[in-house]
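I opened my notebook to go through this structure step by step.

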Amino acid sequence: MTLLDKRAFYLLEVSSCGGIRAAAEHLHTNPSVVSRQIRSLEQALGMALLERQGRHVMLTEAGQLVVDGFLAQRRLNSELGDTLSRLRNLQAGKVVVSVGDGFVDSFINHVMKRVSEHYPDVLIEIKTGIYYPREPHEMVANDEVDIAITYGPISDPRLVVHSFERGPLCALVAPSHALANHERVSVAELLQHKLIFLPDVSGSQQFVNALLGAAGQPATPAYRCNLHSVSRRMASAGIGVSFMTAAAARSEIEAGLLKAIPIDHPMAASSQGNLVKRVGRRLSPAADYLWKLMMAMQ
């Protein structure tokens, strides 16, 4: 990585996070380090790369060009590495997958084991949770990850998207909860109880928000957390209602810790998941095997 690449990386992070302090927190470094890198790049290029708009900073036209060039170069480097790996017929390397928190259990239990058996020397890196300032499909488009498993819908010409049915959206409650014996629950009934939401950037939370909006009954949550697993734990403790498919909470449901109550609304009758890779991206043998394995499981 050249000095220009390193400084452009900091610029990308500031743009994605919306500010220098937020970028520094995401990178686990001091804000002065980020500021110094960007200031150095601006001095080297002789022009401003950031401008302030309210509480956030935005890329200038020159800044956008620098970020676009950095992303294009990273994409070329990634493709070159994949091509060289195939030419050497290596069975080693790394596969990076962004996995939505609600898909983690099935990914580990049904995909990782088989990939590790076929490619024992390949490192599989999983990125999950709301820890990244970019949406999973944006990370795929920018070659930050090879493949993403996420909630939809997604429409992006840069991406190959294979959508699959996840089942109805349900209200998850503890067996002792007042709703536990309901066969179905209306949106109006849900609003009478304490609700557990995920961050609004989460694909599953966006689906819940759209459902509540379509029902004409937007809601204010009693609790908010950034992981599906934490949301399920909160619901199993009996303190509120969380939202996801029965498949996402299969372990807790089978253990008798949660009950999944279908939501009585047309939008909730089905939900969508997605496998995502970039158009034109030639996956490594291990990543390609992982993709085909997940495709066959849907």
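My entries on the sheets, a helix, a recorded domain and a histidine follow.

**Entry 1: before I start.** I noted that this is a predicted model.

**Entry 2: the five-stranded sheet.** I asked in what order the strands of the open sheet of 5 strands sit. I read the order as β4-β3-β5-β12-β6, and I wrote down that the pairing is mixed. Next I looked up its edges. They are β4, at residues 122–127, and β6, at residues 159–167. Each of these two pairs on one side only.

Entry 3: For one point to find by eye, I picked Val 161, which stands opposite Val 276 in β12.

**Entry 4: the three-stranded sheet.** I moved on to an open sheet of 3 strands. Its order is β10-β7-β11, and its pairing is antiparallel. The edge strands are β10 (242–245) and β11 (259–262), and each pairs on one side only. Neighbouring strands in this sheet are turned by 45° on average, again with direction ignored.

Entry 5: I asked how many bridges join β7 to β10. I found 4, and the two strands run antiparallel. Strand β7 covers residues 169–173. Leu 169 has Thr 245 in β10 as its bridge partner. Then I looked for what lies across these two strands. Helix α9, residues 228–236, lies across β7 and β10. The helix runs at about 120° to β10.

Entry 6: UniProt, in an unreviewed entry, places "domain: HTH lysR-type" at residues 10–60. I looked up the make-up of that span: 61% helix and 16% strand. Its end C-alpha atoms lie 15 Å apart.

**Entry 7: His 265.** I found His 265 in the loop between β11 and β12. Is His 265 buried or exposed? It counts as buried, because its relative accessibility is 18% and the cut-off for buried is under 20%. I then checked its surroundings. A polar atom of the His 265 side chain lies 3.1 Å from the backbone nitrogen of Met 267. Leaving aside neighbours within four places in sequence, His 265 is in contact with Leu 211, Ala 214 and Ala 215.

Methods: Residues are numbered from 1 along each chain as its sequence is written. This is a predicted model: local features need pLDDT of at least 70, side-chain atom pairs count only at pLDDT 80 or more; totals for chains, interfaces and linings use all residues. Side-chain values use heavy atoms; hydrogens and water are left out. Two strands pair if DSSP finds at least two bridges between them. Axes are lines fitted to C-alpha atoms, for helices over the stretch in contact, and angles run from 0 to 180 degrees between N-to-C directions. Contact means heavy atoms within 4.5 Å. UniProt positions are given in the numbering used here, feature names are shortened, and annotations may be inferred rather than shown by experiment. Buried means under 20% relative accessible area, exposed over 50%, partly exposed in between (1.4 Å probe, protein chains only). A polar contact is a pair of N or O atoms within 3.5 Å; within protein, one must be able to donate a hydrogen and the other to accept it, and residues adjacent in sequence count only if both atoms are side-chain atoms.
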